[in-house]
Structures are given as C-alpha cells and as structure tokens.
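Here is a short briefing for a first look at this protein. Start with the picture, then read the points below.

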Amino acid sequence: MLKTRKWLMGKRFSIRAAGCLMLFPVAFFPLAVRAENHQYLKLQDAGFENIVVQGNSFGTWLFYGGPASTPEKRPELVAEAAEGRTAIKMKTGYLRQTLPLSPDAWNQTITLSLKARGQGELQVFLTYGEVRMDWKDIQDFFPLTEEFLPYHFRMKVPEKATSVQVNFGVSGLSWAVVDEISLTLGTSPFLQTTELPQTPLPGNIKLVNISRFATCRTRPYGTLLWRLTDGRMGTGAILEFCPESRVNIYEFIYPQPQEIAKIRWSLPSSSYRLLADTEGDGTYEKQLALVTGEKPISHWGRQEWPWAEASFWPPLKISGVKLTNFARRNSTIFEFEIWAPENQVKKLVSEKEKYLTGLPELTKGQPVNIPEPQQEEQFLKGVHIEAWMWNLPGLLQQKPRPKLSQWKYFQKMLSDIKGLKANFVWLFPPRTWVETATPEGKKRGGQASDVMWPSQWARYSFSENLLQEFCDTMHQEGIKVFTQFRGIQLREPTEQEKTLFAPVVNQFYRNGLAGLAREQVLAGVDGVAVCEDEDYCRVALLISANVQTRETFLKETSLKNIPTGLEDTEAMRKWYLFWFTHYARSIQEVCQAVKQTNPQALTVTNIMADGAYNSRLDWGVAYDIIGHTADIDYFGTDPYFTLEENDLGHYRPAAMAKRLLAGNKKRQAIVTLNCPWAESIKKHPLFYQTFPKIAMAGQVLSATMQGGTSCAYYRLQEYLFYEGYDQAARQIFSMLDTLAAWGMKQAKIPEMIAVLGSRAGQDWWQLKKRCEPQVEAYDTIRGFAYEKAVMELLFVHGYPFHFYYQDQPQTLPDLSSFALIILPFPYSLNQTSFEKIKAAVQRGTKLLVFDRLGEVDEYGNPYPRPLLAELEEKGNFFFVREDILREGFSIKLQENLCKKIDALLGQKKRIFFRRYSQDVELACLEKGEKEKFICLINWSGQPATVDVGLLLPTGRYQGFCRDGEATKQVLIASQPIFSEKQLRLVRISLAENEMVVFYFFPEEKK
C-alpha cells in the first residue's frame, strides 16, 4: 500500500523514497574547528530574538495556514529557547522566508539546520520559485520529542533557481518549538561526526551484562520488553505505533546505583540521544551521545548485526540510562546491553525461579497410528495463489488450448498444494494476469488484467469462464476455492447509476462489489472475500462530507447540528459510529448477495490489520461493528509474524484471532500468515534469525489453539519455498489433520477467564485526549496499550481466556459461567453490559479491573458516577492502580498480578503452568471435563523445561502427543496409564524450537 502524508495546505504527496535525502551526524559539543568551503545564507532573525508581529508577518517570517480570526492557531514567541531568549512555537500552519540565490549556488548542496522540540512531526521543505520539483526531493518530516534536538535537511540547488524559500511547520495534533535556524551552501560547519565515547578498558577487567536486571520502561508503550535483554539477537521490540508521536524512548532503571563500563545496542537508529541518570534522582542530566545519522539502518542484506557501543573508564556511576530514537524511521532494537565490572556490581536479584523438585516427568512413548480425518472434520488449511503460478497467460496462447488439468504448470502447482496437505486455495486476485493494453496503449499489468470470467461489472473481463473451469478442476481434487480482490476496477456507471447514493461507501461501488461476488459464486467459488484485500475506509471530518451524507447523518442520529471539526462531543462520537456502521453495512450488502446466490457459499475477509489498532479513529475499521453487522462466516485479516510491526511479538496471530472471534457474530476467524520474505539465508542471514522455522509453523498452531478456526499462508510462490520453509508448512498442516482426527475442532477454550474489551473506551479516550489543549501524545493510545498488556499477561503466563467486546452486549454469554472477568480499560461501559457484569459478580464471579471504572457511556457521555464504583464497594472486585502506560509492565508487576489472578480463580483454576522465565507458550482447549488439549511452543531458541498441571475429575487417564514429526503415546513416570493426581503437575522437557500438542483422555476412551 502506498502511504501518503497530508501537506499543510491540504495537498497530498508521496513520502520521499529512501536515499533521496541524506542526514549526517552532527557535533553536539562546541565546535573547535570551523569547516571550510561553505557560505552562510543570511536568514533574518534566525533565532527569533527580535520579532515584531504585524498581521501575518512575524518579522521577516510570513505565517500561512490559519485565518486572522483564529489567533490561537498562530505561532507564538516563548521563552523556552534552545539558545538565546526566545523561540517560536507552532501549533498549526507554517512559517516562510525567501532568500535570493545567485547562479554560483546551482548544483551546490544546501543545508537547512534547526533545533526543535515538541510532539508529532515537524515538516520542512525548500522551494525555488519558478523551478518546479517533486515533493519527495524538497521535503522531510522530523519526529519530535520533549527535548531540543538538532535536525538537518540537505539537497542540491536546482539550476535556474533565483531564490530559495525556507518553510517549516506542523499540522494535525503536532506542535513544535523551533529555534536557531541556519541555511548554508557547500560543506556545512554543523555537519561533523561525533562518535560515542570510546575509552579503552583495562585488559584484565571481567565485565558482566546487567541489562536484564533493570526495569525497562518505554514511550510509547511496548510489549514483551524482556526480549530487549534476553541475549538473543533474533528477538527485539518495536514500540507501539502512536499516531501523535514518532519518537521512541527506552529507559533502563536500577533500584540502586551501578558502576558501568560499557553500553551497546543493536540495531542502532540513525538518529539518537543517549543520556544517563548519574545523581539517582530520576532525571537524565548527563548526555553521553547525540547523533543524527545519514540513513535508516536495517538488518536486511547484512552479514553481521550492526552495533552502537560506548565505553567508560573509570566506570560511570548510573541509576539509569535513557535512549531516545528520533530518526524519521526508527529501527528495531534487537538487544540492549549494559556491562559492569563484575566486582562493582551492586546487589541485583535475578527473577529466575528455582525448579521444583520431585515432579513426575512426561515423556514420549511408542508411535501411534491415527487415521486421517474426513474432509468435513478437517481444519481449513490454505495457501494464497495467483494465476501466473500456473502460467495462465501461457495456457491462453495454446492452440488448441488443453484442459487445465493437463497443463503441466497447473499440475506442478497442484502437486505443491496437495503436498502441503492444504484443502483450500485463496485466489488473489481472480484475474488472467495477461498484460493487455488500454485503449491509450498503456499496459495494464497483471493486477489490472481481465477477471477470469465474462463480467457485467468489471471494467475488463475475459470472454470465457476460466474461473469456473478452475473451480471445477480444484473441486475434483477435493480443494475448495476462495477468491480475493485488490484494486477493483469497475466499469463506468450509467447515468442512472451515477445518481445512486450511500454514505461512506459509494452505492455504485457497493453494487459492483456485490455483483462481482454473485458472478464468482455462480462460477463455483466456495468462499468470496466481501471486501478488498487489507480494506479500510478512512474517516473523514463532516466539514468535508457532501450534503447527502450530512442529511443522512442528522436524520439517523436525530441531531440538529453537525460538528465542523475535531471536537470531543457526542455529535463527533456519533459521527465516528455513523462511519463505522455504514462501512459495515457496505460489507453486509455483499454478504447478502453471496448468500442469496448460494446459501452454502462462505463469506470471508482479509481486512486491515495494523491500522485498526492504536488509530481506529483514522482508519475506520471497527471489528465488532463489522462482524456483528455484516454477519460474516470467517472474519479474517493478516497478522503477520514479523518484527517490522509489533503487536505482542509471536503472540500477534493469537491476539488477532481473539479479536476476530470477538468481533464476529459467528465467532469464526481466518488468519492469513506469512512465509519468509527474504529469498536466501546467504543474502539475508539476519532476517532468518528473526524468522526461524518455528515462526513459520508456530504462528499457525498458536492462532489455532487460541480459537482461530482457519488459516492460510501468503503465498505459495515465491515465498513459501524459500530455504525449505515449505517443510514447516507441511509439518503444521499435518499436525492439524491429526488434531482434527482427535476431535479438536469441537474443543473449546476453558471457561475460566472472560476478557471484555472496549472499543468505545479506546476510541473515546483517544478522541478526548486529541481534543485537549495540550495533548500528551503517548496517552492517546492508553486504551489500546492496556488491552495488549492484559493479553501479554495472560498469554505469557499460560492463562486460557475468552475475549469479547462489551460494546456488543447482545452477544455476551452468561458471564457467571466464568470464574473471573477482566476489564482491561473500561473507560466506556454501556449500561446493558454493566448489568450483565454486575449479575455475574453477585453470583460469585470475580472482577479484575485496570485503570478506569466506567466513566462514560457508549457514546462517551459522562455518568454522574462511574458505573463500576458501585461494584468496587461490594467485594469480588480488584482494581489495578499501577499506571502501566507510564511505569511499564515489569516482570515483578506481572508476577504480582499472576498471584492475584490465582487467588481470584481459587479452586476454579484448572490449568497450571511454570515457565521458569523461558519463552514458552502454553494454550489449552477442552472437550468437557475429561478431555484436554495442551499445546506447548518453545520460542526460546534453546532447550527448555516447564511444568504443566491439569485439574481433572477422579479417574485413570492416557494420552497422545503430536509434534512436528510423529504421533506418540504419552508416558508419565514411564507409565502409559496414569491417575488425575499424577497430572496435577508434571515436568516436560522441550527441544529447541519444538512445538507439541498433548491430548489427554479417559483410559476407557478408544
């Protein structure tokens, strides 16, 4: 997807390509040597010390972006300067100053330098009067933090330029304090490299890495932060995306001062600042380094991990260190190390638990033959394909054209699919892939080629029904066919169709998508995607909506007036709900068209994954509203396993499966998961450290065990067969067949814990914060962060849980069947859901609440008194008062919360798990009280030992286990039959990267 940014004047343009702009390291100490071969261009009042405001004129600077009637949006002079007495503060709009240029400047490098602090991004750009240039070449965006930092923009002066215009400013929720601007030609004196401190260390000093003993705290919030200090280069942490801020801050804090000799981290950002707290007062007063780099640093294509390293001798006494990454594109930190002389390390306590003794060991016995499941018993296991994979363009050139089943390329693809044990393919997109030309003579390309059937709705379609032949051939092989569009090109509407109206999503587009769905179902497709690939619908402000949309909104909401801009009002909140709902109705119309054509055809999605979280108000994708409105069969998205996007690390597919199940009325999910993106270990060795083969198979097993009902890999070729990773896909699909034969499709997550998420709580809190006069950027994602913190706690420590949206009270189950209800962020709580929670608590269900107490209703209107305050006074209620967003989710706090959860569950806790600080995932499904499925996935990169316990009724039991290789009998204390007492806690040893599922059942069951 091509992403764009909005220019201050409302135009749109692409983000500049990497490499078009160079940023160089700069000195942060007073310069001792003045660089030669440069020329200052004389900016007037570059430090904003002598400005006199007259209208839109700020001295020699001109202000653009706000009418004179809104002075609160104009810049202001403030005393918080980087140097001198005053600086300029920008809240919206931009400032401009023009300087003349002589022909001597042509083709020289020009450098704009400044110092700035603030929130969000500062946009800078240089324009040259009559010389027109691409936006990607003349602009940049600088992420801001609360500290003054130096920024530099460089480019070549174009020929024929007679003047240069300096522009800088902010838009949206960004604000900036700017000072000390300079403009130079040639080699800028500000562009000097400053290295990290490199003091030689004595050769006889033994150092120990003490980073894992520090409390790690980040802004924005980050999950699984212990991966930063786990000693493994394949794991790292990207902090949560925060729309209002682009800076990442890491703090490592010690309970008492430590003397350190070295700090190093990988992968370093291209621009960063490193500070230390040397006085123990929580402030970072000592600057260790300030670097602005040339280009983003990546692990792609590298043979070794790049490191940033600083050394100190004599040792530096610190209570904490703080790293601020402020590059335009922040890097993943894969490992952060703090080294101290062994004899100087102050008392630090490891959090590692001691192994329990005397436990019976669970081992694997003789192989067991399990019959293959019947087709109706199988999990849906698929792979994305495209028509070029069976060389459809070549087939269409054959005269006479052979049957598809006889085409050698199709036979090879079919063999690959069946070899994986896949039972459906996801055709993406259903096009011929023939590069025909437009009437203007331009090639349309594969994505825009003819759809594979004669269509009344597509702009380009093939004269024969190739799709039907494809479906018939696949069905003969027992393989289902799903289809997925991206970038639909509809025919031109008729004059009558042009008059059709629907808000949010154009009615002609809705009709076209529904028409295409009907045509595909008639061709024999088993499952149709009812929206485009990674679909979303950005929310627009009402001021830009057309008259019909405004009238529809007022009619549906019974409001008299509409909001004209971003505001924290009921009208604004109902506008978001209006947008979410009408987008969902557009999908509903396609679902209805599919079912009217063939009730047996399945409706599916591969909707937006990333944009729906942390910024739903921007992207317009509300899972619960879509799923409960459209009534989709398999609600799906693509939560790829990758360190490029963080959302609970390797738990990301599982977390998204939970959200999709909760969002869908039918509680069925489909997740598209990824193969490796790099073609070879030789070219990209570091990528394969971040994506081991356990990632390929483990993400599928994890999502399935957490309730996911279907999965598909993107895609068969090219990615699936990189470096033999197809073997991992074969292993997991074969495992799923075994689990299906055991009846795991009918198994359920134990009803111990119900987590009730609040979409409205997340959104209305974010809107409220965005509308405050002084926005605290990181606080806008508070609701999203708390949901992820709760999921991290439960996933990491092996607590099975159901996830629901309390925003859909009509689909909530009887909550009294759960021992514990957890509310991650109940800022918004509707009255109906509250009554269901209240009834469950009155019947003995315990309630664990984080951060908020139900302050507003489903429309964001405040209650006279928070709803949950009533329950807080009556028992069975525990409120977590720690501010996890600000203080971090430390291991100690997690352990304390686990103790509280265990106490609240009491005798109803049926699964026990000790992971001994190892990265091992546990999941559980059950068929009644006596049949249990326990999954263990060892993500730690080394052998691991864990303890697992089950609370079962009195009786004698046996078990099978299925790993990536075979099915075997389970032995406990070397015996194939064991009592429920022996299952209460057993020791299990796992090989490196092992994944295994255990099936326990009564002795008498055959």
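Two strands count as paired if DSSP finds at least two bridges between them. Strand 4 and strand 5 pair over two bridges, in the antiparallel sense. The model is predicted. The points below take the whole protein, then one sheet, then one strand in that sheet.

**Whole protein**

- The secondary structure comes to 20 helices and 45 strands.
- The radius of gyration is 30 Å, close to the 30 Å that the globule rule gives for 1006 residues, so the protein is as compact as a globular protein of that length.
- The C-alpha trace spans about 90 × 80 × 65 Å along its principal axes.
- Of the 1006 residues, 60% count as buried.
- Among contacts with a separation of 6 or more, 78% come from residues 24 or more positions apart.

**Surface and charge**

- The protein exposes about 39,900 Å². Carbon and sulfur atoms supply 49% of that area.
- There are 118 positive and 113 negative side chains. The centres of the two sets lie 1 Å apart.

- Seven strands form an open sheet in the order 4-5-6-9-14-11-12. The pairing is antiparallel.
- The edges are strand 4 (53-54) and strand 12 (139-143), and each pairs on one side only.

**The hairpin of strands 5 and 6**

- Strand 5 (residues 57-58) pairs with strand 6 in the antiparallel sense over two bridges.
- The two strands form a hairpin with two residues between them. In the turn, G59 has a positive phi of about 65°.
- S57 has L62 in strand 6 as its bridge partner.

**Strand 6 and its other neighbour**

- Strand 6 also joins strand 9 (residues 93-100), through three bridges. These two strands run antiparallel.
- L62 stands opposite R96 in strand 9. L62 is also the bridge partner of S57.

- Buried here means under 20% relative accessible area.

Notes:
Residues are numbered from 1 along each chain as its sequence is written. This is a predicted model: local features need pLDDT of at least 70, side-chain atom pairs count only at pLDDT 80 or more; totals for chains, interfaces and linings use all residues. Side-chain values use heavy atoms; hydrogens and water are left out. Helices (H or I, at least four residues) and strands (E, at least two) are DSSP runs, numbered from the N terminus. The radius of gyration is taken over C-alpha atoms; the globule rule is 2.2 Å times the number of residues to the power 0.38. Buried means under 20% relative accessible area, exposed over 50%, partly exposed in between (1.4 Å probe, protein chains only). Contact means heavy atoms within 4.5 Å. Accessible areas come from the Shrake-Rupley method with a 1.4 Å probe; for residues, only the protein chains shown count as cover. Lys and Arg count as positive and Asp and Glu as negative; His and the chain ends are not counted. The place of a charge is taken as NZ of Lys, CZ of Arg, CG of Asp or CD of Glu.
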